[in-house]
Amino acid sequence: WTKPYFLAEEFTLGVPILPRHVYSVDANGEPISFDFGSKEFADGFNNHWANRQMCGTGPLMFKDWKKGDGVTLVRNPDYWGEPFYFDRMVYRYASNPNTELQLVLQNELDWSIIREKDQYVEMADHPNVKNGKVVREEFSYPAYRYIGYNQARDFFKDKRVRWALGHAVPVDRIIDKVYHNLAERLTGPFLPGSSGYDSSLEPVAYDLDKARALLDEAGWKDTNGDGVRDKEIEGKRVNAEFDLMIYSDYPQFLTIAEIMKENCRQIGVDVRITPTKWALMLQKLRKKEYDASLLGWAMGWRSDPFQLWHGSQADTPDSSNSIGYKNPEVDRLIEELRVTMVPEKQNELMRQIHRMIYDDQPYTFLFREKRTAARDGRLKNIKFYKIRPGYELLDWYSSSPRG
């Protein structure tokens, strides 16, 4: 608040209330300085003894946690607003998605996110879904999927190559066959339907001939007849090849990667799929020790593009700009956006940023996937919202007791 920032209100209102009587003293009960600009306050707050305690002001209170079983919350009788409808809420532990699916289908679980789209579609034939005891739900979620290209790799430095790769991904077919049309295409870094999204831009068309022409234009040609294009860069022959890192525990990602691998083979590009566990994947992204990755971002309905797209973050260790994207004009627009307080001007700046990133194609922007879920039919007043997590438990009530 010492200078203009266009998301100051959202960030400030999103900070939870913290109890002064707890955070004003250290573990020995000695007072902590409330000089917010001092190192003493910063250290005292960041390392505070209460940071690992359950301490809040919400409609529910922590009751117990049984490892390997679940967490139980109970209604807070002193909550300042409308009381929570249910007297308790239990987060159940499920060992795997199949177990979780069976629990909700047998009405032993009231709400579950169904991540596998095949499962979501197939459960429509279950007797409890047909008779209304279990209800399927689908709703928009503020997140998108993409394939990101490490700009430090020789093969990805020319945007014609990145456009060619975009033309090699049949996104519409993937949405249809893999996601059962439970997704929508997008063209840039903001969410479809939001005020910063430029809806005039056309999604990159699936066109292998166009991809081949762009690779030819960029100087990538198969000079030795081995089926893989190559190019001389600084006196060295470099092959048109890359590793595509994917999250190993998400089957749909493997399907997308295999489709891309086959289509890239047809345009003379060799793709090696590298399934990777999440912890190692994060490490490689932070250190930029990878070629390309298939991932997603969850975001706010309005978001600050600085973290992902500003050039100052390209060479910063552990930054979210893991592809090392740099564009001075995009940087200038992001900096102007951050201090612009007029909504109409903000929207125009975001649309300009969208257009420039679209033109650069540092990502192949894929789609916004719908969230799919299932719930007990006795739950009522289920509403969905544009911000995470997409629903509000305070809205819910029940038409009858459980069982």
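Here are some friendly notes on this predicted model, point by point.

1. **Ground rules.** Because the model is predicted, local features need pLDDT of at least 70 and side-chain atom pairs count only at pLDDT 80 or more, while totals for chains, interfaces and linings use all residues. Numbering starts from 1 along each chain as its sequence is written, and side-chain values use heavy atoms, with hydrogens and water left out.

2. **The second largest pocket.** This pocket holds about 640 Å³ of space. Its lining has 23 residues, and those closest to the centre are M299, G300, R302, S303 and R388. For the terms: on a 1 Å grid over the protein atoms alone, a pocket is an open set of points where a 1.4 Å probe fits, with protein on both sides within 12 Å along at least five of seven lines; a cavity is a set from which the probe cannot get out, and lining residues have an atom within 4 Å of a point. Grid points are joined across faces, edges and corners, and the volume is the space filled by probe spheres set on the points.

3. Helix 1 (8–13), strand 12 (292–298) and helix 12 (306–309) each supply at least two lining residues. Helix 12 gives the most, with 4 residues. Helices (H or I, at least four residues) and strands (E, at least two) are DSSP runs, numbered from the N terminus. By class, the lining has 15 nonpolar, 3 polar and 5 charged residues. Here Ala, Val, Leu, Ile, Met, Phe, Trp, Tyr, Cys and Pro count as nonpolar, Asp, Glu, Lys and Arg as charged, and the others, Gly among them, as polar.

4. In one of them, E137 pairs with R375, and the closest N and O atoms are 2.7 Å apart. E137 lies in strand 5 (residues 134–139) and R375 in strand 14 (residues 371–376), so the pair ties together parts that are 238 residues apart in sequence. Both ends are buried (under 20% relative accessible area; exposed is over 50%, partly exposed in between, with a 1.4 Å probe and protein chains only): E137 has 13% and R375 has 11%.

5. D304 and R338 meet through their side chains at 2.8 Å, N to O. D304 sits in the loop between strand 12 and helix 12, and R338 in helix 13 (residues 328–338), 34 residues away. D304 is buried at 16%, whereas R338 is partly exposed at 26%. Salt bridges that share partners also join D198, E348, R351 and R355 into one network. For K177 and D176, the closest N and O atoms of the bridge are 3.9 Å apart; K177 is exposed at 59% and D176 partly exposed at 33%.

6. **A nonpolar patch on the surface.** M54, F62 and W65 make up this patch, with about 410 Å² of accessible area together. Patches take residues with over 30% relative accessible area and no salt bridge, joining like charges within 9 Å and nonpolar side chains (Val, Leu, Ile, Met, Phe, Trp, Tyr) within 5 Å. The areas come from the Shrake-Rupley method with a 1.4 Å probe, and for residues only the protein chains shown count as cover. M54 is in the loop between helix 3 (39–46) and strand 1 (60–66) and is exposed at 66%.

7. **Backbone points worth a look.** Most residues other than glycine have a negative phi, and most peptide bonds are trans. R388 and P389, however, are joined by a cis peptide bond, with omega about 5°. P389 falls in the loop between strand 15 (379–380) and strand 16 (397–398). H180 has a positive phi, near 50°, and N181 has a positive phi near 65°. H180 is in the loop between helix 8 (171–177) and strand 7 (183–185), and is partly exposed at 30%; N181 also lies in the loop between helix 8 and strand 7.

8. **Two C-alpha distances.** F155, in the loop between strand 6 (143–149) and helix 7 (159–167), is buried at 4%. Its C-alpha atom is 9.5 Å from that of D230, 75 residues apart along the chain. P127, in helix 6 (residues 127–130), is exposed at 53%. The C-alpha atoms of P127 and D172 are separated by 32 Å, at 45 residues apart along the chain.

How values were computed: A salt bridge is a side-chain nitrogen of Lys or Arg within 4 Å of a carboxyl oxygen of Asp or Glu.
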